[in-house]
Amino acid sequence: AYDKVGIIRNIIDLMGDFGSQGINIVHKDKSVEKFYQQWFKNINGKERSERFLNNLYKTGNVIIHRSYADVTPQLRNYMKSLSSDIKVELPQAVANQIPWRYNFFNPLTVKMKDGNLSLFMGLKNYTVTTNSFFDKFKAGDIPDHVIDSLPVNIKQSLLRGERDIPLDKDRLGIYYYKKDDWRQWANPMIYAILDDIIMLEKMRLADMSALDGAISNIRLWTIGSLDHKILPNKAAINKLRDILASNVGGGTMELVWGPELSFQESSSEVYKFLGSEKYTSVLNSIYAGLGVPPTLTGMAGNGGGFTNNFISLKTLVERLQYGRDQLVRFWEKELEIVRKAMGFRYKAHVQFDQMTL
């Protein structure tokens, strides 16, 4: 639905853009804040934030894998030389590693190991399937340069021929869009309106068929009459053919003929099916399922009044705020990892310079 239906893609993209708009990292110490902001810029934090919210609203399940980078002397010098007028003091790193790259996994490739048992025990045992990886190397002879570029645990699993590779839970972050506790995975926001989307697509197909038949006019020219025993001859047929061929279709064609010629015209009235009225209820259902009020789409039949408009708009704002809360929860966890690795005393915070809507 996201890939093929423009309405769905547009709204999901807008919700991701609105929710991540103006994100920034702040800290009470300006030199430390400069470090955090440069780190956030290097990991492409703003783009990762938009992808986080896009996956949250689109699939309902965000599975993100963290990769680390060593804090080398070169990296220290790079961070220190960010600005000539601000000196960045870098304490000795405890773990000497900070998060440096974030990859989002396709939820369809990730499985919960032991299913409901892990859910009941509160365990985060997840595996990622490598079927598509082995499809590329059907003979099983994976090149050494590919193997060497993979993490150690994945490399060992591939060499053993395993199809489901365990994921390191310390590197994994999983966030859901309003998941019930008894479900292994959350249903996407679009799931509730799939029937309406299918109905919309069927209406479009019906309109395409109607357009194909809207201009199908048939004119039937009959020469002769069996009732009056008037049989057509070749000369009469050729005469009529020449007259019709010489008429280019502009203006009125005057046709003089004897009593043995009859004319009948058939035209389709399927064009009466075309129109936007039948789409209104389906589109309203889709927008309502996505939390977009009719007042924003221009499809409201009337003003609706201040109270109705406020309540309908509140639904969209709360959905955007819910996504932003999940995003803040994710980044605060990552900032805490950086703080412990670098030995900073005070925590950094995520701040937005623009509202969700």
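**Strands, cores and a surface patch**

In strand β5 (residues 126-129), Tyr 126 and Val 128 point one way while Thr 127 and Thr 129 point the other, and all are buried (under 20% relative accessible area with a 1.4 Å probe, protein chains only; exposed is over 50% and partly exposed is in between). Keep in mind that this is a predicted model, where local features need pLDDT of at least 70, side-chain atom pairs count only at pLDDT 80 or more, and totals for chains, interfaces and linings use all residues. Residues are numbered from 1 along each chain as its sequence is written, and side-chain values use heavy atoms, with hydrogens and water left out.

**Around β5**

- In a regular strand, side chains alternate between the two faces of the sheet.
- β5 pairs with strand β4 (residues 110-112) in the antiparallel sense, over three bridges; two strands count as paired if DSSP finds at least two bridges between them.
- Val 128 in β5 is the bridge partner of Val 110.
- β5 and strand β6 (residues 164-166) also run antiparallel, joined by three bridges.
- Across from Thr 127 you'll find Pro 166 in β6.

**The cores**

- The largest nonpolar core has 54 residues, and Ile 8, Trp 39, Ile 286 and Trp 331 touch the most other members. A core here is a set of buried Ala, Val, Leu, Ile, Met, Phe, Trp, Tyr and Cys residues joined through side-chain atoms within 4.5 Å.
- Helix α13 gives this core its largest share, 10 residues.
- Another core lies apart from it, with 15 residues including Val 110, Ile 142, Leu 167 and Leu 172.
- Beyond its neighbours within four places in sequence, Trp 331 is in contact with residues including Ile 23, Trp 39, Phe 40, Tyr 102 and Val 350 (contact means heavy atoms within 4.5 Å).

- Leu 14, Phe 18, Leu 296, Leu 313 and Leu 357 make a nonpolar surface patch of about 400 Å². Patch residues have over 30% relative accessible area and no salt bridge, with nonpolar side chains (Val, Leu, Ile, Met, Phe, Trp, Tyr) joined within 5 Å and like charges within 9 Å; a salt bridge is a side-chain nitrogen of Lys or Arg within 4 Å of a carboxyl oxygen of Asp or Glu.
- Leu 313 sits in helix α13 (residues 305-342), and it counts as partly exposed because its relative accessibility is 30%.

**The whole chain**

- The protein chain has 13 helices and 10 strands, which are DSSP runs numbered from the N terminus (helices H or I, at least four residues; strands E, at least two).
- Of its 357 residues, 36% are buried.

Conventions
Accessible areas come from the Shrake-Rupley method with a 1.4 Å probe; for residues, only the protein chains shown count as cover.
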